[in-house]
Amino acid sequence: MAELKLHSPLQYVKGVGPKKAAFLQTMGIQSVKDILFYFPRSYLDRTSVTDIAKLSPDSYVTIIGRVKSHGMLYGRKKRYEVILQDDTGAITLTWFHGIRYWEKLFKKNQVYACSGLVGSYFGMQMVHPDMERLEDESDKMIHAGRIIPVYPQTAELSKAGLNSKMMRRITTFIFENLTEPIPDFLPKEVLQTTRLLSLDQALKTIHYPDNREEIEKSRKRLSFDELLNFQYMVFLRKERKKTITKTHTYKPISKTYEKFKKELPFSLTPAQEKALNEILSDLNKKFPMSRMLQGDVGCGKTVVAILAALFASQSNHQVAFMAPTEILAEQHFRNWNSLLEKIGVSSRLLTSSQKAAEKKKTAELCQTGEVDILFGTHALIYDSINFKQLGLVIIDEQHRFGVEQRSRLCDKGENPDLLVMTATPIPRTLALTLYGDLEISTIDTLPKGRQPIKTVWRTGDVREKVYKYILDDVKKGGQTYIVYPLIEKSEMTELENVEDAYKRLSSSTFKNISVGMVHGKIKPKERDDIIRNFFEGSINVLMATTVIEVGLDNPNATIMVIEHAERFGLAQLHQLRGRIGRGKKKSTLVAIAHPPLTEIATQRLEYFISTTDGFKISEADLHLRGPGEFFGLRQSGEMRFQNVRLGEDSELLEHSRILLEKLFQKKNELDSAYKYLHTYLSEKIDIDTVELKGA
Ligand code: ADP
Ligand code: MG
């Protein structure tokens, strides 16, 4: 047999025939090295085996038990359930995805080791646990107290003969037979200062750790590599931006602009003025602006953006102003359209739910340059929308959009200036990482006269009292939001839903006041009317799902009730809270939690009521949540990290940034180890191209 090298094709690995090799190839895995980077998704660990009777919610455990029964359940959502039993009790295991795989797998009385997060839903439950049938090799391993890697499991993988057990055989074979060490692209010096494992060690132990600490150490090393690669792209984008020059220029501030600004119902806060100046000075530079305007909910970012838009329009540059929801885009348009009209600046609204004729009209007016400011949703990205002279792109709640969407909008102009906004104040190190290619302006103070929002959390029994408080407030002209997690009844959960609550409350407790309802299934026209009525005051209580989460601005609404507050993440709770406390009146938020509450949920609620500072909230959110779930970042698909845990890896972030700064600044005076790293990052050379490695 030929020697097994990193670049050896997989057919040299025992057990991998042409069929398996072909399937692995479709997953981008071709060589021995590629398999080493195919990581276990979890581990079965004898040391954490727990009796079923002793399980408590929110703990991550391994249990060993026998299949008592199994079968498909048909509710609103189809699911596969297995009842697993040990000597002390039984637990329900549930799968919503990959049902085809699981339903073929189980037989009564089979013994499984199973690990995952314990939840409670009519008794103890695990959703999508990792399973391993015990009987043979894994049985021996787990009884010998080994930690066994569990590789991703799907119907397709198992059909190709690549279940977790097979993957284990492959990786074991590789580690036993590999005849060369895995080279490292990190200079020794870096390994020393960061105290990270070498790549060789990290890869070995991520597959076959001796204990939990080793897994963590390998994860750290692999996380560092991911952060380095990610940040390299950010650095590169930044470098490239410096080489682009724009063709459009701006005229000095016009009288119209000055008059408009002076006639605003309020004067800007110093923090707003500062941000605005930074933006205007960027616009006057040779290369396109890339600036992020950040500031806590309610700090007044919109008006700053509008002034920037107005400034651009005064030089006949068009502005695209994109928001993530129709409700928000409509609000911006409604708030500013007529004011702008008065000074001769034309604006229009574009959303996907508008009538075709209206959209067509907008597209025409935009193309001919008759629209100065185009507000809208992601509909702005449509191919049918073209500008005559797009000078400035503004993106509100930018974390809701992907890099791709942002750049597609920018591509509609010739290197337009870009202003993105976010109410997500993120910790500095993280900002530098994610947005290192953007300049950052921060509005760090709220407009004067705002009263702190009183926030409390309670369990269900306060509801009647709260409703009475709302009714009293309505008598005094106040308005309220009540937020629910679901639109309608679901067989899957017992959660409150807005439709039933609306029916119930509008015909009982709230029958003498005006109640409105908005959620994602209400027709846009109707929704727009309801929101408008709420803004104009003819609706007293707005019952809603989280469609109201971003941007809505009704300063007269001062009470918010959040049902099932235990279900929402910290950042989301904070965003929701941002809908109140926007005027001069005192605001109150009542978060109603429905027991049983997990410890994490309780912690989250306690933290939520302890501060209204978005910065602190974001720090805590980073630590309380799981990997990659930080704010909207997960949804936006901006980061697909495998091993990074942003909450725990801030030191690694810092280290990788410093390393890259060195690489970029001293490009021409690097010694060979660093040069090698630079080549590795820039050309994505393979780790097994040893010749290049130099010293
Ligand atoms: P966000 O930063 O969350 O987008 P908005 O731009 O929606 O906040 O502003 C929140 C509210 O504060 C709005 O009603 C806005 O009119 C008001 N506002 C903005 N700037 C000031 C200011 N300087 N003084 C008083 N009110 C202001
Ligand atoms: Mg906003």
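How many nonpolar, polar and charged residues does the shell around ligand 1 have? Before I answer, please keep in mind that this is a predicted model, in which local features need pLDDT of at least 70 and side-chain atom pairs count only at pLDDT 80 or more, while totals for chains, interfaces and linings use all residues. Residues are numbered from 1 along each chain as its sequence is written, and side-chain values use heavy atoms, with hydrogens and water left out.

The shell has five nonpolar, six polar and four charged residues, where Asp, Glu, Lys and Arg count as charged and Gly is among the polar ones. Ligand 1 is surrounded by 15 residues, each having a heavy atom within 4 Å of it, and the closest are Gly298, Lys301, Thr302, Arg450 and Asp553.

Turning to polar contacts, meaning pairs of N or O atoms within 3.5 Å, a backbone N or O atom of Gly298 lies 2.6 Å from an oxygen atom of the ligand, and a polar side-chain atom of Asp553 lies 2.6 Å from an oxygen atom of ligand 1. Taken alone, ligand 1 exposes 570 Å², of which the protein buries 84%, by the Shrake-Rupley method with a 1.4 Å probe.

Note on methods. Chains lettered and ligands numbered in written order. Polar contact = N/O pair within 3.5 Å; in protein donor to acceptor, adjacent residues only side chain to side chain.
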